[in-house]
Amino acid sequence: MSSGSAVLPSAGRPPARRARVNWVPYALLLPGLLWLFVFFVVPMITLASQSLQEGDVDNGYTFTGNVAVYGQALQNYWPQLLRSIGYSATATVLALLLGYPLAYFIASRRGAWKNILLVLVIAPFFTSFLIRTLAWQTILADDYLPARFARAIHFTDLLQVLNLSENSSLLSSKFAVICGLTYNFLPFMILPLFTSLDRLDGRLLEAARDLYATPRETFRHITWPLSLPGVVAGTLLTFIPAAGDYINSKLLGNTQTVMIGQVIDAQFLRVLNYPLAAALSFVLLVLILSLVTAYVRRAGTEELV
Amino acid sequence: MTELDNLALRAALSRGVLTRRTAMAGGAGAIALALAACGSKGKNPTASGSGSAAPSAKAAQDMSDSEKLVNWSNWPEYIDVDDKTQARPTLVAFTKKTGIKVNYTEDYNDNDEFYAKVRPLLADGKDTGRDVWCSTDWMVARLIRQGYVQKFDLGNIPNHKNVDASLMDVEFDKGRLYSLPWQSGFAGIAYNPAATGGKKVESIDQLLTDPALKGKVTLLTEMRDTVGLVMMAMGKKLASFTDADFNAAIDELKKAKDAGQIKGFTGNEYTKPLASGDTAACMAWTGDVVQLQADNPKLGYVLPKTGATLWSDNFVIPAMAKHKKNAETLINYYYDPAVMAQVVDYVNYISPVQGTKEVLQKADPSVASNPLIIPDAATLANTQVFRGLTAAEETKYSAAFADLSAG
């Protein structure tokens, strides 16, 4: 999978370190580590502790080590967990299929064009995530052109056959949720892909042509392997936030498309069952971490990044 | 931790949509909010006295006389605004009259969200930075139960005698010692004839079962409105329903959900799809629909014969508020019918003040003749108020409802 590393001359062994400890790098790391500690480690610990507490808002919560809440979380909400993983995985694949050719196209442009196209990719970030998702409500609304066109060419019938929609609308369906997720996280796919493809050495492609490789072979043996770091980074940046997202399913979905984020929101804000909400957050975290670990191992990024 | 909690909360909440009764915290919200809840204390230290009776909230030293100021948190678009200057005429007049400056903040977007924001402060016995806000009935019940709101000094609110008698005797606050109504409204059924094929939607049964509406119905995330309307349709009384009644209503709703009848549960973001026809029929609040009807007079609004819910948003003064007397002066000011009429003329909800109708009949007869704004006795008789819940009931019911609406 990784012929990339073979191309570059391997660096010699680094010179042996001097014994004296240099404190400067550690001092430079300190603010970052502090930040991580305050905004990541501490919340993680409090979240873990919260999930093992029992009580209610009126009487306060006490730590009882109640592990049963995890069983309850998994037993009651496994469909929403699986659905979240399924939707975000689908959206990630779609984003890759849409993003790769676009990133390649942008990377192969010259000068000003490249910058203009990149700005266009980033442009949606100038409006809020919420507004962009609300805009999709309008775009997919029953009375507008896309929905009418989809009905005219029987695309909506196809969606119903595929169980991606409940009726002849585009909105309020699985289809809409997955489209929304794909759209919202697409730039996170394109940017790392672009970075990888932009660094691609044109001489390698020339060499491939000189050796009578077909374009397909060139892509398979040169372009794709060398862009793998971008693919891995892009898929992770798309999959991870998409799995926890619930704005798309809330605004574009229906009562059958509820994702795990919506459950956590409801348990936290409305039911005030903080331990269950914390446990669900943890389950999601562990699930994503294990999937990502398995994926990164398979992709063999140690050699690539 | 408080600093940190605040930051996390603000980050989480800043992504919320700013419309009334919308329920959206940010994407990272759940996790950030879970953090905010950590290390939660037992019964609030603001409460004095113990035992099974509701604790009473502690008062801070009242700075009203030295600081001519009052901090009021309210729902967005819930007060009169001058379209040209963007000033709020009734507040400007209040400051001119009393010399008290009003810091009016529209940061009350959702009962649950607001509660999550102020609860850590109240539980720690700290000032929330607010002297008065407007909570919905059931939230008032919870705040009273937990001892987070103070008793009024009615001596400072002589105009409270103008409050409509039907709103004075409420189950969750007998004698209105802690709360006074700001605006009221009904939850009923709204429909768009263009999307129903000209059909009227007049009952909850029809809303939940009519195949013509399949997949084009939205209900409300406010449990009391959604379950309340269904329980009334089943012939139950909202003042005295039992666990079995509640569960029967949940089952009924679940049946409709599993049949694909219900598209979703919403805050007041139901308005846009209703106007466009993407939603054919929905449960809806009066003030919203009155405003929509101004653009599309064909939209139908029905208070079901089986009964509509009546809710109010109420002034409460939180524990440790620094300007309690000023807040009471402000409340008193709004119970002048002439002042309340100005507000109602703009927001189109129901005035809790007697005499508003007479003022409006002269100032804006079209508003005065709208039964959704100035309801007659028969309309009011057909409405019910959801009873207050104990902490255990509230947990149980909201868990069942959450599994229905987000499960």
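Leaving aside residues up to four places away in sequence, Thr379(B) touches Phe186(B) and Leu303(B), where contact means heavy atoms within 4.5 Å. Thr379(B) sits in helix α17 of chain B, residues 377-381. Helices here are DSSP runs of H or I with at least four residues, strands are runs of E with at least two, and both are numbered from the N terminus. Is Thr379(B) buried or exposed? Its relative accessibility is 16%, so Thr379(B) counts as buried. The cut-offs are under 20% relative accessible area for buried, over 50% for exposed, and partly exposed in between, with a 1.4 Å probe and protein chains only.

A word on the source. This is a predicted model, in which local features need pLDDT of at least 70 and side-chain atom pairs count only at pLDDT 80 or more, while totals for chains, interfaces and linings use all residues. Residues are numbered from 1 along each chain as its sequence is written, chains are lettered from A and ligands numbered from 1 in the order in which they are written, and side-chain values use heavy atoms, with hydrogens and water left out.

Now the aromatic rings. Rings of Phe, Tyr and Trp (its six-membered ring) pair if their centres lie within 6.5 Å; planes under 30 degrees apart are stacked, over 60 edge-to-face, and the rest tilted. By that rule there are 34 aromatic pairs over all chains. One of them joins Phe241(B) and Phe386(B): the centres are 5.0 Å apart and the planes at 55°, so this pair is tilted. Phe241(B) lies in the loop between α9 (223-233) and α10 (243-258) of chain B, and Phe386(B) in the loop between β10 (383-384) and α18 (391-405), so the pair ties together parts 145 residues apart in sequence. Phe241(B) and Phe386(B) are both buried.

Phe241(B) also forms a tilted pair with Tyr397(B), at 6.0 Å centre to centre and 40° between the planes. Tyr397(B) is in helix α18 of chain B and Phe241(B) in the loop between α9 and α10, so this pair ties together parts 156 residues apart in sequence. Tyr397(B) is buried, as is Phe241(B).

The ring of Phe241(B) has a charge over it as well: the charged end of Arg387(B) sits 4.3 Å from the ring centre. The rule asks for NZ of Lys or CZ of Arg within 6 Å of the ring centre and within 35 degrees of the ring normal. Arg142(B) likewise has its charged end over the ring of Tyr115(B), 4.5 Å from the centre.

For chain B as a whole, there are 18 helices and 10 strands, and 59% of its 407 residues are buried. Of the contacts between residues at least 6 apart in sequence, 76% join residues at least 24 apart.

Last, chain A, with 14 helices and 2 strands. Of its 305 residues, 44% are buried. Take helix α4 of chain A, residues 111-122. Which residues of α4(A) are buried? They are Lys114(A), Leu117(A), Leu118(A) and Val121(A). These cover an arc of only 100° around the axis, which puts them on the same side of α4(A); the arc is taken from the directions from the helix axis to the C-beta atoms. Their cover includes α3 (68-107) and α8 (174-198) of chain A. The face turned away from that buried side carries the exposed residues Ala112(A) and Leu120(A).

Definitions and conventions:
Expected span 1.5 Å × (residues − 1).
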